[in-house]
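Dear colleague,

Please find below the sequence and structure that I am handing over to you. My notes on what was found in the structure follow directly after it.

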Amino acid sequence: MSSSSPSSPRLPLAPHELWRGIRSTVRSDVTAGVLLLAATVAAVILANSPASGWYTAVRDFTFGIPELHLELSVGAWAADGLLAIFFFVVGLELKEEFTTGRLRDPRAAALPVAAAAGGVLVPALIFLLLTTGAGADAARGWAIPTATDIAFAVAVIAVVGRFLPPALRVFLLTLAVVDDLIAITIIATVYTDDISLIWLGLAVLPLAAFAFAAQRGIRSWWILLPLALATWALVHASGVHATVAGVLLAFTVPVRPTDRAHVIVGRGEERMREGLAPHWADRWGVVATLFAVPVFAFFSAGVAIGGAEGLRSAFADPITIGIVAGLVLGKPIGILLTTLGVGSIPALRRDPSLRWFDLIGMSFVAGIGFTVSLLIGELAFGSASVADEHVKIGVLTGSLVAALIGGTLLAISSRRYRRSQVTA
């Protein structure tokens with residue numbers, strides 16, 4: 001069904017549009033960041049309180065199906081299972097961006113894409129440089145400071161950057177989307193040791209069935225959910241990190257509406273068709289934001305600091321220093337140097353509304369590495385290991401410092417823009 005004339009009278013919002021309004025609120029404002037922060041603070045407090053035994057017992061409680069390699073701790077279920085929902089949404093949004101969004105135009109996307117690559121490369125190099133004498137095991141964590149937590153980063157801009165130019169937020173969002181794509185690739189390739197081709201081959205069957213159903217426009221949960229769970233379980237059993245299954249499933253979902261695969265949006269004369277990818281991103285994005293990611297943060301961020309002695313021990317570890325330096329210094333250096341180099345090409349110049357002071361603040365905000373950084377830390381060093389505890393301290397410290405520096409710079413910029421609007 002084709003869309004109607006835009007001149008038709010405004011009608012009440014369709015349920016899909018109402019849901020999108022909720023999604024816009026929880027994702028575009030500060031709600032996502034507040035929930036993540038609350039879960040993180042609660043985890044750190046519990047892990048360092050008399051209730052630490054209860055917290056550890058819940059996190060390490062194991063249940064599941066051993067025959068399917070699914071006997072996991074609660075913390076592992078949060079990392080492998082709930083984060084698959086988050087990566088499913090990321091995959092949907094990645095496909096939408098490459099098909100119809102900001103990344104569709106290579107010239108428009110080239111600068112933030114290059115900045116994202118620089119923001120991955122330089123932190124990794126800094127981490128490796130600072131952990132050179134710490135042994136080969138320490139080098140496994142090179143990817144930890146390369147990730148940007150989009151929920152926290154956008155929340156900081158929402159709080160302090162009300163008057164900042166829209167192009168700055170678009171730049172950060174594009175950079176973060178590409179950052180997620182790079183992180184997914186790293187997890188799927190670098191942090192996958194032993195792969196069972198049999199289990200991986202079996203995973204293709206429910207994945208193909210899910211793809212067939214999605215392309216045919218089938219939206220029945222009792223068909224799609226079992227296929228998605230089967231794909232996830234088989235990918236997990238294969239040795240590939242199970243969150244990759246979420247991305248693979250998302251990439252099979254059509255973005256543009258077709259005669260079979262579409263959702264009717266609006267009412268009356270304003271009815272129009274929308275693709276399944278944005279439709280499912282709306283719905284599952286709320287689940288990821290309000291539930292999956294905060295629960296993961298709660299079970300992953302709980303680090304027993306051990307007082308002043310514990311902090312001294314952590315910051316004597318090159319791993320901790322490498323993470324902090326990578327997030328606080330590596331991210332802005334990589335982003336800014338790449339932006340400067342690529343932006344000097346006439347055809348790829350940056351948006352004139354993006355001032356260098358704004359970009360400096362934004363590049364520090366991009367150093368907030370939380371969700372994916374914690375996940376990579378667990379994959380690199382193992383959950384509950386000493387190195388993983390130091391990873392958590394490094395990620396929390398680096399992210400906090402980056403947020404404070406970036407937030408302060410952007411707040412200064414925002415006040416300047418506000419004054420210029422008042423005097424204009």
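I begin with the hairpin formed by S1 and S2, which has four residues between the two strands. In its turn, His 69 has a positive phi of about 60 degrees. Strand S1 covers residues 62-65 and strand S2 residues 70-73; the two run antiparallel and are joined by four bridges. Within this pairing, Gly 64 stands opposite Glu 71 in S2. Strands (E, at least two residues) and helices (H or I, at least four residues) are DSSP runs, numbered from the N terminus, and two strands count as paired if DSSP finds at least two bridges between them.

Please note that this is a predicted model, in which local features need pLDDT of at least 70 and side-chain atom pairs count only at pLDDT 80 or more, while totals for chains, interfaces and linings use all residues. Residues are numbered from 1 along each chain as its sequence is written, and side-chain values use heavy atoms, with hydrogens and water left out.

Aromatic contacts

The count comes to eight aromatic pairs. The rule is that rings of Phe, Tyr and Trp (its six-membered ring) pair if their centres lie within 6.5 Å; planes under 30 degrees apart count as stacked, over 60 as edge-to-face and the rest as tilted. Among these pairs is the stacked one of Trp 77 and Trp 232, with 5.7 Å centre to centre and 25 degrees between the planes. This pair links distant parts of the chain, since Trp 77 belongs to helix H4 (residues 74-99) and Trp 232 to helix H10 (residues 221-238), 155 residues apart. Trp 77 is partly exposed at 22% relative accessibility, whereas Trp 232 is buried at 10%. For these terms, buried means under 20% relative accessible area, exposed over 50%, and partly exposed in between (1.4 Å probe, protein chains only).

Phe 210 and Trp 280 form a tilted pair, because their ring centres are 6.4 Å apart and their planes stand at 50 degrees. Here too the pair links distant parts of the chain: Phe 210 is in helix H9 (residues 197-215) and Trp 280 in helix H12 (residues 276-300), 70 residues apart. Both Phe 210 and Trp 280 are buried.

Phe 61, Phe 63, Trp 77 and Trp 232 form one aromatic cluster. Elsewhere, Arg 416 lies over the face of Phe 357, at 5.0 Å from the ring centre. A charge is taken to sit over a ring if NZ of Lys or CZ of Arg is within 6 Å of the ring centre and within 35 degrees of the ring normal.

Salt bridges

Six salt bridges are counted, a salt bridge being a side-chain nitrogen of Lys or Arg within 4 Å of a carboxyl oxygen of Asp or Glu. One of them joins Lys 331 to Asp 179, with the closest N and O atoms 2.7 Å apart. The partners come from distant parts of the chain: Lys 331 from helix H14 (residues 318-343) and Asp 179 from helix H8 (residues 166-189), 152 residues apart. Both Lys 331 and Asp 179 are buried.

In helix H17 (residues 386-423), Lys 392 and Asp 388 are four residues apart, so about one helical turn separates them. Their salt bridge has its closest N and O atoms 3.9 Å apart. Lys 392 also meets Glu 389 in a salt bridge, at 3.7 Å from N to O; these two are three residues apart in helix H17 and therefore separated by about one helical turn. Asp 388 is buried, as are Lys 392, with a relative accessible area of 3%, and Glu 389, at 17%.

Surface and a further contact

Leu 129, Leu 130, Leu 311, Phe 315 and Ile 321 make a nonpolar surface patch of about 420 Å². Helix H5 (106-130) and helix H13 (307-315) are the elements that give two or more residues to this nonpolar patch. Patches are made of residues with over 30% relative accessible area and no salt bridge, like charges being joined within 9 Å and nonpolar side chains (Val, Leu, Ile, Met, Phe, Trp, Tyr) within 5 Å. Accessible areas come from the Shrake-Rupley method with a 1.4 Å probe; for residues, only the protein chains shown count as cover. Leu 311, found in helix H13, is partly exposed with a relative accessible area of 35%.

Leu 337, in helix H14, counts as exposed at 54% relative accessibility. Leu 337 and Ala 115 are 222 residues apart in sequence and 8.1 Å apart in space, C-alpha to C-alpha.

With kind regards
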